[in-house]
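Please find below a note on the model under review.

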Amino acid sequence: MDTTAEASHEPDARPVEVAVQDVVKRFGDTAAVDRVSLEVRRGEFFSFLGPSGCGKTTTLRMIAGFEEPDGGRILLGGTDIAGVPPYRRNVNTVFQSYALFPHLSVWDNVAFGLRRKRVPGAQVRERVGRYLELVELAGMERRRPGQLSGGQQQRVALARALVNEPAVLLLDEPLGALDLKLRKQMQLELMRIQREVGITFVYVTHDQEEALVMSDRLVVMNAGRVEQIGYPEDVYERPATRFVAGFIGTSNIFDARVRALDGDLLVLEAPPGDRVVVPAVDGTAPGARIAITVRPEKLRILGETDPVPGGLCSVGGTIAEVVYQGVSTQFVVRTDAGDTLVAFRQNSERVSDAGVPGSRTRLVWHPEHNVVLADPPAADPSPPADTDPHRQEELVP
Ligand code: ATP
């Protein structure tokens with residue numbers, strides 16, 4: 001499985017700051033992290049995304065040095081850090097719980113690490129002042145954490161970590177305790193701060209939107225394993241696996257058998273009048289069953305008799321549900337092939353023009369929006385209908 005497809009960008013020439021190589025971490029019989037490999041570039045905003053328990057935090061804690069791997073290696077700036085205690089690693093961690101000292105002022109919280117390292121007073125003053133300015137807390141130096149809002153406390157935690165100017169800042173769900181509005185505002189703040197300081201950020205979240213918005217690149221994890229690593233648009237537009245397609249956004253996933261090869265397209269079995277083709281995938285021959293995903297916003301919903309533009313996939317069906325959602329309307333369509341597909345339509349036209357439940361419809365979309373998933377489709381007992389190998393030659397122009 002290609003979990004590192006990065007089709008939309010040029011190769012990144014920046015040096016690797018964090019390398020996780022085949023890392024395993026077990027708790028009892030469970031592998032919380034199961035042979036994870038990835039690289040984070042210097043200055044990148046890199047996120048770990050996945051559901052609760054998928055191993056994101058454990059991986060982060062191994063980078064920080066709070067846990068040691070049972071297998072594999074972690075390199076920071078090219079150096080293996082096995083056995084190096086957390087305080088000797090050139091990383092700092094920001095936790096969801098902030099972990100501020102309640103009895104110390106904002107200033108003293110931020111200065112704490114520098115004073116412990118015996119940084120000269122003038123430098124402490126300059127750096128604490130600069131980072132409090134950066135997180136927009138200038139003027140609140142004398143307050144205690146209890147006299148601050150959640151968002152302000154998180155800014156103190158951030159300044160306290162950044163003031164050490166680590167090579168890598170590790171952030172474990174840092175916005176998890178904030179309400180939605182503040183969370184969105186802090187997302188933008190964190191992006192600005194990261195751009196200004198240029199430090200590598202490794203960010204853990206279970207919130208897919210947050211990961212898509214904030215990250216340069218992200219890894220999607222599931223049950224301790226890497227499902228996909230890529231740029232947000234790659235992970236969203238070209239999910240590698242059924243899990244990624246289902247976890248990020250809304251996805252249509254359906255299984256179909258390859259009927260024939262037509263140039264660089266696979267022609268799939270479909271009811272009469274329908275046409276579904278997908279870009280050819282290496283090693284997929286007529287007769288094979290494959291799993292396909294296509295995003296709902298790629299599907300256009302037509303009336304049954306509307307002309308179908310040439311070259312598009314086209315599937316007939318019946319509208320089962322129409323859900324008005326303000327900016328868009330969601331249509332659930334039961335196709336003649338027996339699948340259920342969801343289509344979004346921007347409400348730039350009158351909603352009622354697209355059909356009502358029970359009416360016949362036709363969904364059309366460009367073949368390039370179909371993505372063949374790496375995992376096998378659900379088991380299908382029925383034999384292939386048309387797998388004559390000569391058929392392939394007939395259809396090749
Ligand atoms: P969350 O978003 O809920 O924090 P996560 O993806 O960060 O989830 P981890 O905290 O890394 O997941 O946990 C991965 C798995 O390892 C889970 O099944 C968890 O119960 C288990 N686990 C984590 N820490 C320990 C520990 N100290 N002892 C035993 N099991 C642990």
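1. Strand pairing. V18 has L76, a residue of β4, as its bridge partner. The model is a predicted one, and in it strands β1 (residues 16–27) and β4 (residues 71–76) pair in the antiparallel sense over 5 bridges.

2. The sheet. An open sheet is formed by 4 strands, in the order β2-β1-β4-β5, with antiparallel pairing. The edges are held by β2 (30–41) and β5 (79–80); each has a single partner strand, so one side of each is left without a neighbour in the sheet. As background, strands of a sheet pair through backbone hydrogen bonds, in either a parallel or an antiparallel manner.

3. The largest nonpolar core. This core contains 37 residues, and the members that touch the most others are L158, L162 and L169. At least two residues come from each of α2, α3 (121–134), α4 (150–162), β7 (168–172), α5 (180–197) and β8 (200–205). The most is given by α4, with 6 residues. In soluble globular proteins, nonpolar side chains tend to be buried together.

4. Surroundings of L162. Which residues are in contact with L162, leaving aside its neighbours within four places in sequence? They are Y131, L134, L169, I193, V197, I199 and F201.

5. Aromatic pairs. The count comes to 6 aromatic pairs. One of them joins F46 and F48 in an edge-to-face arrangement, at 5.8 Å centre to centre and with 75 degrees between the planes. Both F46 and F48 are buried. F101 and F112 form a tilted pair, 4.6 Å centre to centre with 50 degrees between the planes. This pair links distant parts of the chain: F101 lies in the loop between β6 (91–95) and α2 (106–116), while F112 lies in helix α2, 11 residues apart. F101 counts as partly exposed because its relative accessibility is 26%; F112 counts as partly exposed because its value is 32%. One aromatic cluster is formed by F45, F201 and Y203.

6. Charges over rings. The charged end of R160 sits over the ring of F101, 5.7 Å from its centre. The ring of Y236 has the charged end of R295 over it, 4.0 Å from the ring centre.

7. Residue I253. Is I253 buried or exposed, or does it fall in between? With a relative accessible area of 28%, I253 is partly exposed. I253 belongs to strand β11 (residues 252–262). Leaving aside neighbours within four places in sequence, the contacts of I253 are R242, A245, G246, I292, T293 and L373. I253 and V372 are separated by 119 residues in sequence and by 9.6 Å in space, C-alpha to C-alpha.

8. Cysteines. How many disulfides does the structure hold? The number is 0. C54 counts as buried because its relative accessibility is 1%, and C313 counts as buried because its relative accessibility is 0%. For reference, a disulfide is a covalent bond between the sulfur atoms of two cysteines.

How values were computed:
Residues are numbered from 1 along each chain as its sequence is written. This is a predicted model: local features need pLDDT of at least 70, side-chain atom pairs count only at pLDDT 80 or more; totals for chains, interfaces and linings use all residues. Side-chain values use heavy atoms; hydrogens and water are left out. Buried means under 20% relative accessible area, exposed over 50%, partly exposed in between (1.4 Å probe, protein chains only). Contact means heavy atoms within 4.5 Å. Rings of Phe, Tyr and Trp (its six-membered ring) pair if their centres lie within 6.5 Å; planes under 30 degrees apart count as stacked, over 60 as edge-to-face and the rest as tilted. A charge sits over a ring if NZ of Lys or CZ of Arg is within 6 Å of the ring centre and within 35 degrees of the ring normal. A nonpolar core is a set of buried Ala, Val, Leu, Ile, Met, Phe, Trp, Tyr and Cys residues joined through side-chain atoms within 4.5 Å. A disulfide is a pair of cysteine sulfur atoms within 2.5 Å. Two strands pair if DSSP finds at least two bridges between them.
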